[in-house]
Protein chains: 2
Amino acid sequence: MALIVQKYGGTSVGDIARIRNVAQKVAAARARGDQVVVVVSAMSGETNRLIGLAQEISDQPDPREYDQIVATGEQVTIGLLALALQAIGVPARSFLGHQVPIRTDSAHSKARIAGIDGDAIRAGLDRGEVAVVAGFQGVDPRGDITTLGRGGSDTTGVALAAALGADECQIYTDVDGVYTTDPRVEPRARRLEQITFEEMLELASLGSKVLQIRAVEFAGKYRVPLRVLSTFDEGPGTLITLDQEAEGVESPLISGIAFNRDEAQVTLLGVPDRPGIAARVLGPVGAANIEVDMIVQNVGADATTDFTFTVHKNDYARALEIVGQICRDLGARDVKGDDNIAKVSIVGVGMRSHAGIASQTFEALAAENINIRMISTSEIKISVVIEEKYVELAVRSLHRAFKLDEQPPAG
Amino acid sequence: MALIVQKYGGTSVGDIARIRNVAQKVAAARARGDQVVVVVSAMSGETNRLIGLAQEISDQPDPREYDQIVATGEQVTIGLLALALQAIGVPARSFLGHQVPIRTDSAHSKARIAGIDGDAIRAGLDRGEVAVVAGFQGVDPRGDITTLGRGGSDTTGVALAAALGADECQIYTDVDGVYTTDPRVEPRARRLEQITFEEMLELASLGSKVLQIRAVEFAGKYRVPLRVLSTFDEGPGTLITLDQEAEGVESPLISGIAFNRDEAQVTLLGVPDRPGIAARVLGPVGAANIEVDMIVQNVGADATTDFTFTVHKNDYARALEIVGQICRDLGARDVKGDDNIAKVSIVGVGMRSHAGIASQTFEALAAENINIRMISTSEIKISVVIEEKYVELAVRSLHRAFKLDEQPPAG
């Protein structure tokens with residue numbers, strides 16, 4: 001008998017018919033002999049409706065009252081799912097954050113889980129009940145309702161799995177797993193059977209929006225096996241695990257290719273090459289609450305340097321303005337920018353032990369005459385910035401170069 | 001400095017503009033130097049929407065899960081009202097049932113309040129905050145959310161006023177007070193300045209649907225001064241108090257005239273006059289969950305008796321059927337019924353010390369040629385059953401006969 005935590009998002013519980021479908025999936029797991037804890041989000045659209053009401057009153061609503069309001073979305077869903085389970089003969093009991101309790105700090109609307117007492121849920125499981133837990137919410141030391149922020153239901157699922165020592169935490173979404181890249185760009189993209197937490201973090205932060213990053217971090221930290229699978233189709237999904245080599249599975253060189261069209265590039269040309277340039281440039285940008293992603297600095301021909309970074313397209317105009325001022329202050333030559341760029345990243349833990357991945361990447365792009373404008377590497381990732389119009393071509397040529405459409409040999 | 005509990009119903013908080021209006025009224029009370037506790041219902045339509053969701057899954061939803069779901073309506077409103085108060089510079093804090101806490105028994109969806117701990121609310125008031133409390137909900141000894149049943153927010157308001165020792169509990173509705181009768185029937189109907197709890201109970205149970213009966217009982221029991229007034233108009237409303245004579249105010253003979261068109265009459269004719277007839281007739285009717293209102297038994301000419309009672313029109317067909325069977329069992333002569341009847345009641349504590357009210361009533365009706373079919377009296381009420389078509393005429397003639405349109409002399 002395994003203990004499984006299943007998490008269903010807003011689309012999976014978007015109406016009564018879908019809630020009934022989730023009840024059937026839970027009942028099937030139980031029929032296989034497993035104990036099941038289900039975490040659910042608010043019905044799709046509901047959280048936005050509640051936020052809309054609060055913001056009709058105030059642009060900056062008091063965070064405690066905001067949480068009091070938006071936490072009701074999940075409260076409705078847990079009651080409805082418990083009823084749907086009971087209606088098909090499965091004993092079930094719903095739990096609000098404070099009824100578990102899921103204890104958090106008091107950082108309303110972005111609270112962090114401080115601890116979970118699993119006794120009440122365990123008692124229910126021992127009585128043969130399914131526990132239906134409200135995602136996204138907790139209770140602070142004062143007894144106030146807190147929420148974990150957008151996508152927080154994934155975190156609730158993982159944290160509950162960790163606290164209960166569950167055998168697996170299953171995150172049900174509208175995709176059937178993690179793919180080698182976006183199938184809309186490369187039709188030969190392949191679902192991964194397994195991926196490591198580290199790879200998943202790199203892919204998630206790079207735009208494969210399957211799982212909330214915090215939930216993946218949490219799962220990695222507490223070694224909770226995590227599986228992404230589809231609410232609407234049958235299938236094994238993708239299992240997210242610890243380092244596969246450590247578990248005797250040979251890692252593929254590359255697990256996936258992510259891309260991101262949301263960035264823009266700002267370059268400060270001909271800056272007098274003195275220590276502290278990076279801080280002089282990025283200080284005012286950070287002070288304006290603009291997040292910087294890639295940063296590259298090149299030594300120029302004379303005693304000057306070129307400094308380039310990328311920001312979200314939404315922040316592009318403001319970043320250009322700020323850097324224009326810095327250009328005058330520093331006596332630099334010029335400021336240039338481009339918001340027709342894209343970032344493409346290849347990710348794989350296999351990189352650690354294999355040389356030559358970078359040159360293979362650059363060769364594959366060169367063969368297609370794609371000019372690389374920036375490069376940034378980490379231990380398990382290589383990112384390049386290219387012209388936006390080449391993004392599909394780049395993803396497809398890299399997908400083929402690294403043979404991602406081929407099933408890796410069984411470990 | 002007075003402590004006031006204000007309760008606003010679903011229509012009063014039906015949209016954001018109305019919630020802002022309530023915030024203004026609360027701010028005005030606070031500006032007069034009062035401490036204010038506000039109890040609110042769910043936004044109008046919201047409770048029905050939630051019940052609809054639950055019933056889409058199950059005709060007989062599990063009461064614990066049902067309460068978990070429907071309690072969210074008030075939770076949203078308290079958050080929004082707290083935000084609206086803060087937006088106009090009034091410090092405010094919302095309280096769910098379990099955050100007060102309002103302790104109840106475990107009778108889900110019709111729970112009774114067992115006790116209220118006022119400390120958290122008092123601490124907030126002492127900090128200068130307005131306390132915004134969710135009506136209709138509480139928490140049982142297991143920590144489960146309970147609801148008090150329809151209209152339970154009135155009860156929450158009164159119970160909080162009692163627990164906090166408030167100076168007044170103000171129930172805001174869409175009418176500006178309690179009237180001598182329905183102004184749609186008698187345009188000369190007059191708002192009462194005061195009415196006693198007893199009179200209010202008789203008027204409420206007779207169809208003046210201003211206040212929930214349980215709330216009035218509660219207010220009477222704990223001697224909480226209760227005031228009914230309008231959310232949308234200024235005005236003093238109607239104060240519901242203990243016996244006015246006890247407070248040195250001379251009571252008017254009659255306070256109001258209620259009427260009810262929802263009843264039907266069933267008569268069993270020529271029953272052999274033996275002890276136990278009433279029980280033989282009403283036992284099976286009660287067993288069928290049919291509530292009986294008026295009961296009259298007359299001795300007939302021979303050794304038989306006629307037995308008449310009234311039920312709700314919805315139960316009329318079933319009651320006739322049951323009594324038909326009883327008629328055969330008892331060897332009675334016949335069963336007759338009529339659902340074109342109405343009940344008119346005059347209510348007033350002054351009746352206790354004044355003779356002749358009954359005969360004045362009968363004379364007024366006789367003067368209009370209205371035939372009385374049943375009579376039933378209590379210490380502060382006289383009810384008559386008449387043909388339904390005469391109900392407006394009867395109400396107007398009685399209203400004039402007892403000079404209810406005239407302001408009573410100041411006490």
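Colleague: Where does B:P101 sit in chain B?

Modeller: B:P101 is in the loop between β3 (92-95) and β4 (102-104) of chain B. Keep in mind that this is a predicted model.

Colleague: What makes the peptide bond joining B:V100 and B:P101 a cis one?

Modeller: Look at omega, which is about -10° for the bond between B:V100 and B:P101. Most peptide bonds are trans. Chain A has a cis bond too, joining A:V100 and A:P101, with omega again about -10°. A:P101 lies in the loop between β3 (92-95) and β4 (102-104) of chain A.

Colleague: And B:N289, what is its phi?

Modeller: B:N289 has a positive phi, about 65°, although this residue is not a glycine. Most residues other than glycine have a negative phi. You will find B:N289 in the loop between α9 (277-287) and β15 (292-299) of chain B.

Colleague: How do you know whether B:K403 is buried or exposed?

Modeller: The cut-off for exposed is 12 or fewer. B:K403 has 12 other C-beta atoms within 10 Å, so it is exposed. B:K403 also has a positive phi, about 50°, and is not a glycine. Its place is in the segment after α12 (391-401) of chain B.

Colleague: Let's turn to the two chains together. How many residues does each chain bring to the contact?

Modeller: Chain A brings 26 residues and chain B brings 26. On the side of chain B that touches chain A, α2 (46-57), α3 (63-70) and α4 (72-87) each supply at least two residues. The largest share of that side comes from α4(B), with eleven residues. By class, the side of chain B that touches chain A has 14 nonpolar, nine polar and three charged residues.

Colleague: How many helices and strands are there in chain A?

Modeller: Chain A has twelve helices and 20 strands.

Colleague: Why is chain A called as compact as a globular protein of its length?

Modeller: For 411 residues the globule rule gives 22 Å, and the radius of gyration of chain A is 24 Å, which is close; therefore chain A is as compact as a globular protein of that length. The C-alpha trace of chain A spans about 75 × 55 × 35 Å along its principal axes.

Colleague: What share of chain A counts as buried?

Modeller: Of its 411 residues, 47% count as buried. Among contacts in chain A with a separation of 6 or more, 73% come from residues 24 or more positions apart.

Methods. Residues are numbered from 1 along each chain as its sequence is written. Chains are lettered from A and ligands numbered from 1 in the order in which they are written. This is a predicted model: local features need pLDDT of at least 70, side-chain atom pairs count only at pLDDT 80 or more; totals for chains, interfaces and linings use all residues. Helices (H or I, at least four residues) and strands (E, at least two) are DSSP runs, numbered from the N terminus. A residue is buried if 20 or more other C-beta atoms lie within 10 Å of its own, exposed if 12 or fewer, and partly exposed in between; C-beta atoms are placed from the backbone. Two residues are in contact if their C-beta atoms, placed from the backbone, lie within 7 Å. Ala, Val, Leu, Ile, Met, Phe, Trp, Tyr, Cys and Pro count as nonpolar, Asp, Glu, Lys and Arg as charged, and the others, Gly among them, as polar. The radius of gyration is taken over C-alpha atoms; the globule rule is 2.2 Å times the number of residues to the power 0.38.
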